[in-house]
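Subject: Structure for your review

Dear colleague,

Please find below the sequence and structure that I am handing over to you. A summary of what was found follows them.

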Amino acid sequence: MYDQIVDVYDQIFPLNQGFLDFIPPYLGDRGSKILDLGCGPGEYVDRISRRGYTITGIDSSQEMIRRANEEKQGTFYPYSFMDIYKLSETFNCAYSIGNSLSYLANDPFRAFLAELAQHLETGGYFVLQVVNWDKYRVTGSANFPIKTLTEGRTFHRRYEPKDDEAVIFHTALKTGETVEAAWSDALYPKYLEPTVTELESAGLEVTGQYGNYKKAPYSTEESPAMILVAQKQKIVAKQPLRRFLSWIARNFPDNGPLLPYFASERTEKG
Ligand SMILES: C[S@@+](CC[C@H](N)C(=O)[O-])C[C@H]1O[C@@H](n2cnc3c(N)ncnc32)[C@H](O)[C@@H]1O
């Protein structure tokens, strides 16, 4: 779909200033290296680049990347999420917003996170934003008002449950009553609990979970979005070991035999 909506993209998905206000604490110092995963036409890359960061955007849509290269400041590659192994550098911060990672199925998502962790500096952040899939799971519905675009066009969206793992995202671009183009793409809901588990298994400790860019706490019933902030740990321990260390830290805050070691390996939270 995205290759074909490049001309109307900004009308369907207008820039969210809230994200640009939210992200600075996670970017690090000016000049830090930033990665936008599923960057679309590159508007956020451009804005962050103009603030003095060295930023790379990747997107599987060739047209989005072509447009970004023509018009936006930053470095862009026509890569899918699973191509990030091709990036030769490490980043101080990576983010994926606009529900982009919902396009990735759960097995590849796990492999993707492991690869992403390799491309993050220790202490670097990963910010993930998707829609509130927990709410969709409970209510079985998502409210998508029809988007009115210029030149008599409208954009329509709806979800259709497929199976335990996927939801079909039906979209259509109309002029008046005429359907100009229609698409059906699989989305793979990212629920809070399994997503936190996957992040932590990859060595990315979840330091924040929010329901919007104003940092309201995430509510599975109410929030419009799920925003997770995760930080790369110095030691990527296996999941059972990390759970054990975390249990020690919680239950023996003063005397835990492993606590000094554990604490010394943890980095400052944002
Ligand atoms: C709703 S747009 C969000 C774009 C941008 N992050 C924003 O917030 O405006 C979703 C983007 O994810 C990209 N995308 C979908 N599947 C992808 C994949 N497997 N690898 C990389 N990008 C993907 C699409 O091409 C599209 O540009």
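Helices (H or I, at least four residues) and strands (E, at least two) are here DSSP runs, numbered from the N terminus. The model is a predicted one: local features need pLDDT of at least 70, side-chain atom pairs count only at pLDDT 80 or more, and totals for chains, interfaces and linings use all residues. Residue numbers start from 1 along each chain as its sequence is written.

The sheet

Two strands are said to pair if DSSP finds at least two bridges between them. Seven strands make up an open sheet with mixed pairing, in the order β3-β2-β1-β4-β5-β11-β10. Strands β3 (75–77) and β10 (204–210) stand at its edges with a single partner strand each, so one side of each has no neighbour in the sheet. On average, neighbouring strands of this sheet are turned by 20° against each other, direction ignored.

Contact means that the C-beta atoms of two residues, placed from the backbone, lie within 7 Å. Axes are lines fitted to C-alpha atoms, for helices over the stretch in contact, and angles run from 0 to 180 degrees between N-to-C directions. Helix α4 (residues 43–50) packs on the sheet and touches β1 (33–37) and β2 (54–58), its direction making about 175° with that of β2. Helix α8 (residues 192–201) lies across β10 and β11 (225–232) and runs at about 150° to β10.

A residue is termed buried if 20 or more other C-beta atoms lie within 10 Å of its own, exposed if 12 or fewer, and partly exposed in between, with C-beta atoms placed from the backbone. By that criterion six of the six residues of β4 are buried. Strand β4 (residues 91–96) pairs with β5 (residues 120–131) in the parallel sense over five bridges, and β1 pairs with β4, also in the parallel sense, over three bridges. Ile-34 has Cys-93 as its bridge partner in β4, Ala-94 has Phe-126 in β5, and Tyr-95 stands opposite Val-127 in β5.

A nonpolar core is a set of buried Ala, Val, Leu, Ile, Met, Phe, Trp, Tyr and Cys residues joined through C-beta atoms within 7 Å. The largest one has 48 residues, and those with the most contacts inside it include Ile-34, Cys-93, Ala-94, Tyr-95, Phe-126 and Val-127. Neighbours within four places in sequence aside, Ala-94 is in contact with Leu-35, Leu-37, Leu-116, Leu-120 and Phe-126.

The hairpins

Strands β6 (residues 147–148) and β7 (residues 153–161) run antiparallel and are joined by two bridges; Lys-147 stands opposite Phe-155 in β7. Their hairpin has four residues between the strands, and Glu-151 there takes a positive phi near 60°. Strand β7 also pairs with β8 (residues 167–175), in the antiparallel sense over nine bridges. The hairpin of β7 and β8 has five residues between them, and Pro-161 has Val-167 as its bridge partner in β8.

Residue Gln-73

Gln-73 is located in the loop between α5 (62–71) and β3. It counts as partly exposed because 13 C-beta neighbours lie inside 10 Å. Not counting residues up to four places away in sequence, Gln-73 touches Asp-46, Ser-49 and Arg-50. The C-alpha atoms of Gln-73 and Arg-50 are separated by 7.4 Å, although the two are 23 residues apart along the chain.

Yours sincerely,
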